[in-house]
Amino acid sequence: MNLKVVGCVLDQKAVPLLAAMKGYVNDKVIPFHTPGHKMGKGMHQALAELVPPQTLALDLALMEELDDLHEPHGPVKAAQDLAADLYGADHSYFVVNGTTGGIYAMILTIAGPGDKIIVPRNAHRSIIGGIILSGAIPVFMQPEVDNELGLAMGVTPETVAGALEQHPEAKGVLVINPTYYGVATDLKKIVDIVHGYNIPVVVDEAHGPHLKFSDRLPIQALDAGADIVAQSTHKIIGAMTQCSLVHCREGRIRVPRLKAMLQLVQSTSPNYILLASLDVARMQMATAGQTLIERAVDLANQARQEINKIPGLYCFGQEKLGKPGVHSFDPTKVTVTVKGLGLKGAEAERILRHQYKIQVELSDVYNILFLITLGDSEREVAALVAALRDLAATHHGTRDFSDIHEIYLAGKYPQPPAQVISPREALFGNTCMVPFQDANGMICAEIVTFYPPGIPMLCPGERITQEIIDYCHVLQNAGLHISGPEDYLLKTIKVVD
């Protein structure tokens with residue numbers, strides 16, 4: 001398919017994939033192909049009465065005129081080229097199994113068995129999964145921590161430089177930017193440092209598909225010079241759930257290998273409605289993105305201002321800039337710290353959901369997080385502020401959190417454990433469960449993370465020390481939430497046998 005060109009610029013108003021799908025349906029084809037419901041005619045009424053017939057008719061299969069996600073030459077390629085043009089990439093690729101699939105592909109592109117890859121210690125489990133699949137060896141960097149919020153911030157350029165000095169043979173550096181809570185590090189400086197070693201910068205930009213469209217947001221990774229980036233197009237902007245984009249620049253990234261890895265981790269039968277939603281979301285951002293995102297920023301700033309007037313609540317913002325690991329900030333991530341009410345975040349989440357019909361994005365020990373997006377208006381933001389105002393007036397817990405503060409402010413964080421074998425070897429090796437208190441010297445075969453601040457104490461392939469065991473017991477006794485191990489009480493732990 002040839003894209004319509006306006007002057008020397010691609011026509012960003014076009015939706016080539018959606019247009020091809022509508023053309024197929026309008027051609028009144030009699031389908032003798034998958035899916036079995038045959039354009040909705042065989043769909044059970046329980047679902048058919050909820051999904052418009054024209055939507056089910058668009059649930060199509062791979063065929064010549066609709067193109068092949070894995071070897072695109074027609075409308076899929078045209079749609080991906082438009083995405084690359086919009087975001088400033090050399091190549092962009094549609095991903096329909098979430099940013100997790102994109103991160104898997106990125107890691108597999110740059111690292112193989114035994115290769116080192118430098119990553120933040122608070123890496124999302126998809127990053128650990130990609131490292132396991134690749135057989136690579138992670139070199140962990142410690143992110144900065146804000147003890148007031150109980151949150152991990154970004155890794156500093158100095159931390160990245162130190163990791164590269166110790167491991168110059170690494171195949172790449174992966175950075176999370178921005179964090180789930182909207183905190184961005186000095187990515188441009190990090191890129192310059194990493195490129196000094198002539199290796200790629202890989203960015204998990206799951207929470208930043210909108211950064212391109214407002215000067216009041218952190219710089220997007222591609223504009224900072226990153227080599228390969230994964231964005232969750234469904235999280236903040238208008239694509240459907242599971243839809244993401246992977247962007248790359250040629251040079252430090254082998255594009256044929258990236259294509260092969262994307263084929264490896266994605267279905268050979270992608271859902272065309274999901275693919276079309278990526279096409280349309282790109283068009284929406286190209287034609288109205290700045291207006292939509294600027295409005296979301298304004299709404300979020302209004303909400304933040306009103307929430308900070310409520311006794312017992314705190315919503316951090318620009319005042320955190322300049323703190324370690326905080327170079328810039330995305331205000332559309334509205335993090336409300338509720339510990340001033342004596343409530344844990346999970347308690348506040350339950351109250352808001354069941355008493356006020358307000359659903360948060362996530363909660364942790366201290367905080368609840370709200371996302372303000374292009375789908376919100378003054379009405380929703382007013383309802384949120386009103387619910388929080390009433391929550392603060394009518395609900396108070398008994399937790400003062402002083403024990404947690406004392407633990408983290410005491411500065412007794414244990415030495416990082418040694419990586420003895422790769423995470424892949426630990427996962428696929430013979431394993432057994434042992435009492436955690438007796439695990440000193442053994443090799444961990446799972447992840448153990450405490451919240452706050454959400455940084456793993458142990459990862460697969462690392463040697464367990466008595467210092468770590470003792471510190472984990474201190475955190476448990478303080479009532480911190482444990483995530484990752486099979487035994488969530490951490491009475492036992494999985495180790496390499």
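**Reading a sheet and a buried tyrosine**

Me: I have this predicted model open. In what order do the four strands of the open sheet come, and is the pairing parallel or antiparallel?

Reply: The general idea is that strands of a sheet pair through backbone hydrogen bonds, in either a parallel or an antiparallel way. Here the order across the open sheet is 13-15-17-16, and the pairing is antiparallel.

Me: Which strands are at the edges?

Reply: Look for a strand that pairs on one side only; that's the case for strand 13 (314-315) and strand 16 (362-363). Strand 13 is joined to strand 15 (residues 333-337) by two bridges, in the antiparallel sense.

Me: Now a side chain. Is Tyr471 buried or exposed?

Reply: Check its relative accessible area against the cut-off: under 20% counts as buried. Tyr471 has 7%, so it's buried. You'll find Tyr471 in helix 16 (residues 466-477).

Me: Which residues is Tyr471 in contact with, leaving aside neighbours within four places in sequence?

Reply: Tyr471 is in contact with Ile407, Tyr408, Lys412, Tyr413, Pro414 and Met457. Take Lys412: it is 59 residues from Tyr471 along the chain, yet their C-alpha atoms are separated by 8.3 Å.

Terms used
Residues numbered from 1 in each chain as written. Predicted model: local features only at pLDDT ≥ 70, side-chain atom pairs only at ≥ 80, totals over all residues. Heavy atoms only, no water. Buried < 20%, exposed > 50% of the residue type's maximum accessible area, 1.4 Å probe, protein only. Contact = heavy atoms within 4.5 Å. Pairing = 2+ DSSP bridges.
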